[in-house]
Amino acid sequence: MVQYLARRLLSLIPLLIGITLITFFVIHLAPGRPTDVLTDLNPKISLQARDRLAKIYGLDQPLPAQYLQWLSRMGKLDFGRSFVDDRSVWDKIAERIPVTLMINLLAMALVFVVAVPLGVFGAVRQGSFWDHWITLFVFVGFATPTFWLALLLMQWLGIQLGWLPLSGIVSLDFERMNFWEKVIDVSRHLTLPVFISAFGGLAGISRYMKTSMSEILRQDFIRTARAKGLSERQVLYKHALRNALLPIVTILGLSVPGLLGGSVIFESIFAIPGLGRLFYDGVMARDYPVVMGILTIGAVLTLLGNLLADLGYAWVDPRIRVGEKG
Amino acid sequence: MNGLKIGTVIIVVLILMAFFAPWVSRYEPNDIQITQALLPPSGEHWLGTDQLGRDVWSRMVYGIRVSLLVGLVAVGISTLLGLVLGAVAGYYGGWVDASLMRFNDIMLCFPTFFLILAVITLLEPSLLNIMIIIGLTSWMGVARLVRAEILSLKERDFIQAARALGASDLWIVTKHLIPNAMGPVWVSAILGVAGAILVESGLSFLGIGVQPPTPSWGNMLLEGKATLGAAWWMTVFPGVAILVTVLAFNLAGEGLRGRKM
């Protein structure tokens with residue numbers, strides 16, 4: 001296992017370098033210098049001042065030198081300072097990550113809890129009345145723009161019925177609440193965002209689960225299990241389900257970039273102060289250090305998600321860590 | 001129920017409506033009538049009017065053009081890229097394959113929506129840029145698919161035969177390998193159109209996609225968000241349009257997959 005882990009970690013290095021290269025390339029696609037944003041709004045700024053600013057950000061040097069500088073600073077978690085409020089980009093990102101992470105983890109948990117039973121049911125009762133409904137749900141779920149669903153639910157649960165708050169993660173009088181009131185307040189605020197960010201995954205995961213489960217159910221060891229007289233319950237849950245869950249672990253790991261990308265949309269709909277919102281604001285204000293920082297960190301989080309999924313898979317399935325040569 | 005048939009019929013209807021938009025719509029999509037603002041659906045305005053008094057049905061019909069165009073062009077770009085990169089990687093193998101697949105892995109690490117958002121705002125949100133960028137960020141699946149197909153095809157006897165007859169690499173790849181690998185590529189392209197339409201509507205909804213006054217379903221929903229609670233028709237109908245269109249392409253794609261296999 002240790003050997004597998006070491007191999008897996010080593011293989012991340014070229015990916016990390018590639019990620020930073022692409023981020024750097026994307027930012028330099030933009031016409032003009034990144035510092036133009038700072039100077040454009042101020043017509044009085046002199047040419048000398050412009051050059052001085054460029055020097056501070058190292059823009060007077062050739063691109064490869066700029067890249068290496070940026071990379072070495074990033075190794076120390078120094079992503080530079082935001083153009084907008086001059087705060088450290090790392091601080092800005094660090095304070096936003098918990099909210100986004102919490103919502104996405106809750107969403108993943110919800111997806112798992114709902115989609116796995118749906119998928120199993122669909123596989124076991126293939127062709128039944130309910131299986132058709134699940135299939136229909138999967139297709140409609142895939143096709144529903146989540147931001148539209150968010151609008152409809154806001155309209156219905158938020159405005160018409162007034163059951164749930166429409167934006168933010170806490171109420172205005174949050175500070176004056178006791179502990180349990182705070183918990184309830186945050187859960188009320190998070191209900192819609194978590195549901196919306198889970199919705200996209202529900203359709204996908206339940207379909208994977210159904211495919212995975214039906215494939216397992218056709219295999220020899222299931223027939224053996226039935227033949228030796230195990231109850232249907234034992235066959236399904238002890239033998240089939242455990243094996244069918246394996247690919248789902250990987251899929252959950254692979255869904256990290258989608259969830260992060262989706263957070264841009266739902267965080268701006270629900271005015272949630274998370275990573276996606278920070279990215280959106282950064283992009284709108286052309287705050288290059290923030291954009292570069294989040295692009296890199298988003299990709300690194302994805303790598304971590306994949307790594308965790310692989311490790312989890314290797315942990316439960318010895319065939320992987322012995323079989324794969326890395 | 002046959003998904004492929006239902007999907008195809010809806011797609012054909014959509015294409016016809018997009019083509020004959022001036023006849024299908026009942027008003028000019030950008031005809032502002034302030035006195036007619038925010039009217040609920042009626043015989044005059046089937047799906048109501050928006051905050052500037054423009055006819056929602058007419059704007060939705062013209063929105064089909066945007067969605068279909070983005071879907072087709074973006075998928076055209078990503079499929080072409082995926083075909084070329086996947087074919088090169090699969091056919092030549094070795095370090096070419098290794099480095100192309102590494103590049104593929106790296107691109108897959110980025111939350112695509114982050115990447116698209118960054119590039120579009122850095123350049124400039126326009127219909128053309130959106131199509132190009134969606135295309136440039138969604139070729140990875142196709143490339144993997146094509147590579148896998150070609151890896152298995154290139155060992156077959158008929159390829160050996162072609163090589164023995166003196167066919168060039170380019171000839172073998174374009175005349176023998178790619179045509180035989182196209183089945184799954186078509187499926188992924190049709191599903192890709194659905195994906196691209198969703199991405200475009202999301203971008204336009206954030207205000208960085210198709211810019212007003214050009215009607216797109218996404219930017220209509222953005223306008224609907226501002227009048228949420230006062231004019232449900234501005235929110236409900238464009239969303240239904242997206243849903244039906246994406247559903248149609250998904251049904252067609254999955255139906256085709258089912259038939260091929």
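**Helix 13 of chain A and its surroundings**

The buried residues of helix 13 of chain A pack against helix 6 (89–124), helix 12 (256–269) and helix 14 (288–316) of chain A, and also against helix 5 (112–122) of chain B. Here helices (H or I, at least four residues) and strands (E, at least two) are DSSP runs, numbered from the N terminus. Contact means heavy atoms within 4.5 Å, and buried means under 20% relative accessible area, exposed over 50%, partly exposed in between (1.4 Å probe, protein chains only).

The model is predicted: local features need pLDDT of at least 70, side-chain atom pairs count only at pLDDT 80 or more, and totals for chains, interfaces and linings use all residues. Residues are numbered from 1 along each chain as its sequence is written, chains are lettered from A and ligands numbered from 1 in the order in which they are written, and side-chain values use heavy atoms, with hydrogens and water left out.

Helix 13 of chain A spans residues 275–284, and seven of its ten residues are buried, so it is largely enclosed by the rest of the structure. The buried positions are L275(A), G276(A), L278(A), F279(A), Y280(A), G282(A) and V283(A). Just after this helix, R286(A) takes a positive phi of about 50°, in a residue other than glycine. R286(A) sits in the loop between helix 13 and helix 14 of chain A and is partly exposed, at 28% relative accessibility. Another positive phi, near 60°, belongs to L77(A), in the loop between helix 5 (63–75) and helix 6 of chain A; L77(A) is partly exposed too, with a relative accessible area of 43%.

Leaving aside neighbours within four places in sequence, F270(A) is in contact with A150(A), M154(A), L166(A), S167(A), G168(A), L192(A), P193(A) and I196(A).

The interface between the chains takes 45 residues from chain A and 40 residues from chain B. Chain A and chain B bury about 3900 Å² between them, 82% of it on carbon and sulfur atoms; buried area is the accessible area (1.4 Å probe) that two parts lose on being put together, summed over both. One salt bridge is counted between the two chains, where a salt bridge is a side-chain nitrogen of Lys or Arg within 4 Å of a carboxyl oxygen of Asp or Glu. The side chains of E254(B) and R207(A) meet in a salt bridge (3.1 Å, N to O). Helix 13 is one of the helices of chain A that each supply at least two residues of the side touching chain B, the others being helix 2 (12–27), helix 7 (129–143), helix 8 (146–160), helix 12 and helix 14.

Chain B itself has eleven helices and zero strands. Of its 261 residues, 52% count as buried. A cis peptide bond joins P212(B) and P213(B), with omega about 10°, and P213(B) is found in the loop between helix 9 (169–205) and helix 10 (217–226) of chain B.
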